[in-house]
Amino acid sequence: MTAGVTVLGIDIGGIGIKVCLLDADGSVVAHDRIPTPPGGEAMVEAAAALGETLAADQQRRIHAAGAGVAGVVEDGVVTAASSSFTDWTGYPVRAALETRLGVPAVVMNDVNAFLVGEATLGAVRAERDVLGVTLGTGVGGAVWLDGALYLGRSGAAGEIGHMPGFGSEPCTCGQAGHLETLASGRGVARRYLAGGGAPLTDGAAEVAARARTGDELAGRVFREAGAGVARAALMVAAVVDVVDVVIGGGLAQSPDLLRPAIEAAVAAEPPVSGRPVRIHFAALGSLAAAVGAASQAAIPIQSGA
Ligand SMILES: [Zn+2]
């Protein structure tokens, strides 16, 4: 372990920016979050300023930074992003962070960063092969193979959110029947309303709360989301023989609703390998992507446990 080393972890998403300070043993020293401002430059500045404030509070100096960000990232630059982001596609995040902070930085996709975090310091750190799934506003996925992130030819390996075969409802990507229509926060809220549910003011979290109080429609929408995730996990298990699945994102705040639905579905159709699919919920919570990205920074971080 390198004594006194502090790495800044950053997670830039559509709604919020989360930052944390990590010790070399992977422990989180401090963390904070702010709403995401519009524009690439403003997002990086907000993240860097918040990180510096945390470091000053802790009387620490930042030695390196790692950022998990929404969108496709190639060589530190965002090459594709949702249309909900302003001035983000084409933005050189790594160069901007390095200039602003004066330390080396790594930048990666936020779902990949989530899986790196959980596979190195979180719920599946004992596993060699893992499918990572984020059930947030949308559905993201990533694959950890032989102890490392597997990106695929175009960096899209494990992107199960836009895999077809999950009904016929329109997806945010413009196609239809994708897993995201069933298992995203947005999908859960939309399906609940479409089924005749009472108006929502807090989206999927409110559907979850109603499911817990016996709202049959809310319970069914969550069961169908879980069954969708299970089918996707079974397909991945069939193709690459990966049976450990770690689930994060806002919907994963409701494991009491999701876990029974997912486990019933995977038990009903076990992989031909005979190895059962094992469902894990994220251990690093909403900090998984920031921690995962920080763990990939220039200074090595290893689990102290
Ligand atoms: Zn789609």
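**Figure 1. Accessible surface and charges of the chain.** The accessible surface of the chain amounts to about 13200 Å², and 53% of that area belongs to carbon and sulfur atoms. In this predicted model, the chain carries 20 positive and 30 negative charges, whose mean positions lie 4 Å apart.

**Figure 2. Overall fold and dimensions of the chain.** Nine helices and twelve strands make up the secondary structure of the chain. The radius of gyration is 19 Å, close to the 19 Å that the globule rule gives for 305 residues, so the chain is as compact as a globular protein of that length. Taken along the principal axes, the box that the C-alpha atoms fill is roughly 50 × 45 × 40 Å.

**Figure 3. Burial and contacts within the chain.** Of the 305 residues in the chain, 52% are buried, where buried stands for a relative accessible area under 20%.

Figure 4. Helix H6 spans residues 203-212, and its buried residues are Ala204, Glu206, Val207, Ala208, Arg210 and Ala211. An α-helix has 3.6 residues a turn, so residues three or four places apart point the same way. The cover over the buried residues of H6 includes helix H5 (185-194), helix H7 (216-240) and helix H8 (255-268).

**Figure 5. The residue Gly214 after helix H6.** Gly214 follows H6, and the phi of Gly214 is positive, with a value near 95 degrees.

Note on methods:
Residues numbered from 1 in each chain as written. Predicted model: local features only at pLDDT ≥ 70, side-chain atom pairs only at ≥ 80, totals over all residues. Heavy atoms only, no water. Helix = DSSP H or I, 4+ residues; strand = E, 2+ residues; numbered from the N terminus. Rg over C-alpha atoms; globule rule 2.2 N^0.38 Å. Buried < 20%, exposed > 50% of the residue type's maximum accessible area, 1.4 Å probe, protein only. Areas by Shrake-Rupley, 256 points an atom, 1.4 Å probe, with all protein chains shown as cover. Lys, Arg positive; Asp, Glu negative; His and termini not counted. Charge placed at Lys NZ, Arg CZ, Asp CG, Glu CD. Contact = heavy atoms within 4.5 Å.
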